[in-house]
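Subject: Structure for you to look at

Dear colleague,

Here is the structure I said I would pass on. My notes on it follow below.

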Amino acid sequence: MSASRLRRVAVLVLEGAKPLDVGIPAQVFSTRASMPYEVRLCGAASGLVSGGDGLSYHVAHGPEALAWADLVFIPGYRFPDREDPPPAVVEALVAAHGRGTRLAAISTGAFALAATGLLDGRRATTHWHYTRALAAKHPLVRVDENVLFVDEGSVLTSAGAASGIDLCLHILRGDLGVAASNHAARRLVAAPYRSGGQAQYVPRSVPEPLGERFAATREWALHRLDEPLTLDLLASQAAVSPRTFSRRFVEETGYTPMQWVMRARVDMARELLERSERSVEQIATDVGLGTGANLRTHFQRILGTTPSEYRRTFTRGE
């Protein structure tokens with residue numbers, strides 16, 4: 001893409017729009033000599049839009065700005081799982097995409113993008129708190145809860161608000177090159193590229209249970225993660241057959257018993273990396289994973305980063 005052509009960016013401000021989600025693309029792509037972009041804020045209609053967190057926005061443009069834009073950002077908004085954006089907005093997004101406009105969602109803006117059907121059959125992400133809700137509301141979307149952003153070409157999605165910066169810098173790298181992206185990152189005092197995915201920022205990788213039938217068994221296992229834990233042993237503790245335990249455990253947590261145990265071990269490793277000086281090898285033993293190589297493999301698979309990088313990230317500045 002030529003760096004000389006002025007690119008048109010629209011930021012779609014929906015009811016309940018989150019301030020940081022709106023501000024990130026507006027600032028990253030703000031019109032200046034070094035940035036060949038023009039930015040317009042728009043809404044379902046021009047005028048005052050009630051935002052989230054006590055702020056409101058006065059937008060000068062309605063959905064017609066989506067026909068003008070080469071790139072549309074959809075910031076996150078409150079209660080995205082309750083109702084879709086106005087039909088006129090959904091239609092305008094579909095029409096813009098049909099003309100070749102890229103659509104990029106920040107955080108829960110993915111719900112508005114999913115409402116168009118353009119994410120069906122494609123990978124997408126959103127804020128970790130809403131990944132299950134997105135998958136339930138739009139089952140044809142392949143929700144990836146472990147990444148900071150997903151680029152599917154003409155449709156892009158990002159995780160929580162700060163991941164909007166990662167997505168914007170990624171788009172800049174594609175439009176203008178690495179030097180321009182790095183320059184923007186320095187201006188924002190942001191990392192040009194963050195390693196890993198959003199899973200490392202989730203308080204626990206073990207999912208919230210949907211029921212409490214096996215709560216005592218889970219608690220029992222959490223105190224014995226350094227010991228061998230098998231399906232038969234867990235089922236015996238729960239006083240049911242292994243087959244029944246597996247089926248009901250998946251219904252209750254969304255994970256098999258052994259997947260849950262592995263995630264619990266990784267969570268314990270995270271806490272030890274953050275709070276202790278123990279080596280990766282020692283921590284691997286402490287959490288029942290045996291070797292540092294084994295810990296690194298599962299850490300990378302579940303959190304998208306390495307134990308050493310995680311420790312640097314979460315102990316930096318302390």
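Helices here are DSSP runs of H or I with at least four residues, numbered from the N terminus. By that numbering, helix 10 covers residues 242-253, and because glutamate 251 and arginine 247 sit four residues apart in it, about one helical turn separates them. Please keep in mind that this is a predicted model.

Salt bridges

The total is 12 salt bridges. One of them joins the side chains of glutamate 251 and arginine 247, at 3.9 Å from N to O. Glutamate 251 is exposed, with 51% relative accessibility, while arginine 247 is partly exposed at 46%. Elsewhere, Arg7, Arg102 and Asp175 belong to one network of salt bridges that share partners.

Within that group, aspartate 175 and arginine 7 pair through their side chains, with an N to O distance of 3.9 Å. The aspartate is in helix 6 and the arginine in strand 1 (residues 7-12), so this bridge ties together parts 168 residues apart in sequence. Both aspartate 175 and arginine 7 are buried.

A further salt bridge is formed by lysine 137 and aspartate 84, whose closest N and O atoms are 3.7 Å apart. This one also links distant parts of the chain, 53 residues apart: lysine 137 belongs to helix 5 (residues 131-137), and aspartate 84 to the loop between strand 5 (71-74) and helix 3 (87-98). Lysine 137 is partly exposed at 29% relative accessibility, and aspartate 84 is partly exposed at 40%.

Helices 6 and 7

The axes of helix 6 (residues 163-176) and helix 7 (residues 178-188) come within 7 Å and cross at roughly 150°, which means that the two helices run roughly antiparallel. Their crossing is right-handed. Helix 6 contributes Ile165, Leu169, Leu172, Arg173 and Leu176 to the contact, and helix 7 contributes Val178, Ala180, Ser181, Ala184, Ala185 and Leu188.

Regards

Notes
Residues numbered from 1 in each chain as written. Predicted model: local features only at pLDDT ≥ 70, side-chain atom pairs only at ≥ 80, totals over all residues. Heavy atoms only, no water. Axes fitted to C-alpha atoms, helices over the stretch in contact; angles between N-to-C directions. Parallel < 35°, antiparallel > 145°, perpendicular 65-115°, else oblique. Left-handed = near helix turned anticlockwise from the far one by under 90°. Contact = heavy atoms within 4.5 Å. Salt bridge = Lys/Arg side-chain N within 4 Å of Asp/Glu carboxyl O. Buried < 20%, exposed > 50% of the residue type's maximum accessible area, 1.4 Å probe, protein only.
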